[in-house]
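Let's go through this model together, with a few questions about the words used for it.

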Amino acid sequence: MSGLRLIQFLSEHLHIEEEKLCPFFENSKIKHLKKDDYLLRKNESCKHLFFVEKGLLKQYSIDAKGKEHILLFASEGWWIADRESLYFNQKSRYYIQAIEDCELIMFDNNFIEKLSLTFPNFNQFNVNSLHKHIRHLQIRIDMLLSTSAKERYLNFIENYPNIMLRVPQSMIASYLGVTPESLSRIRNDLAKKG
């Protein structure tokens, strides 16, 4: 298991040698998805938390008119799951689908607790990570409610440059809450202004 992005990530952030982390991940399951495969569909139960070792996924919902609304993208080094389903035993309201071929590490919902018991400093790291995630979601909600499409697009470019180059314009538009045509106009206006 050594060499996994997750082990390197945790080693760096927890200041623990990789060799001490490796045994903890010996029995971890790897899930492979091909492009367009589903990790989760609406009304299924999410049973695992996933760490993205390789690839890119999207988590989205579909409204009554059949329109897709992308909640988030998850690329290498990100966690993905429907937390409401996983931790509150609800049926999922989301789809999680591979945009590229993916390699994911699977964990059951007790993983965080086990890691915290084994490595006590992980608990504070996890709490900080959750707070950062909540902050990110609050900023995203605020931007959707109070900023222009152009401002949201510029923020997306600034914060997710690697994702920008890996997804079609229609997905970026869905994430930003605009039509592909509106996004095209924004991009053209910005290109004209240099």
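Q: Which residues touch the most other members of the largest nonpolar core?
A: L10, L57 and I80 do, in a core of 36 residues. A nonpolar core is a set of buried Ala, Val, Leu, Ile, Met, Phe, Trp, Tyr and Cys residues joined through side-chain atoms within 4.5 Å, and buried means under 20% relative accessible area (1.4 Å probe, protein chains only). β8 (102-107) gives the largest share, five residues. There's also a second, separate core of 20 residues, with Y153, F156, Y160 and I172 among them.

Q: What kind of model is this?
A: It's a predicted one, where local features need pLDDT of at least 70 and side-chain atom pairs count only at pLDDT 80 or more, while totals for chains, interfaces and linings use all residues. Residues are numbered from 1 along each chain as its sequence is written, and side-chain values use heavy atoms, leaving out hydrogens and water.

Q: Why is α8 called roughly perpendicular to α9?
A: The axes of α8 (residues 169-176) and α9 (residues 180-193) cross at roughly 100 degrees. Angles of 65 to 115 degrees count as roughly perpendicular, so α8 and α9 get that label. Their axes come within 8 Å.

Q: What makes α1 roughly perpendicular to α5?
A: Helix α1 (residues 5-14) and helix α5 (residues 121-146) pack at about 100 degrees, axes 10 Å apart. That angle makes α1 roughly perpendicular to α5 too. F9, L10, H13 and L14 of α1 meet N121, F122 and F125 of α5, with contact meaning heavy atoms within 4.5 Å.

Methods. Axes are lines fitted to C-alpha atoms, for helices over the stretch in contact, and angles run from 0 to 180 degrees between N-to-C directions. Helices (H or I, at least four residues) and strands (E, at least two) are DSSP runs, numbered from the N terminus. Angles under 35 degrees count as roughly parallel, over 145 as roughly antiparallel, 65 to 115 as roughly perpendicular and the rest as oblique. Buried means under 20% relative accessible area, exposed over 50%, partly exposed in between (1.4 Å probe, protein chains only).
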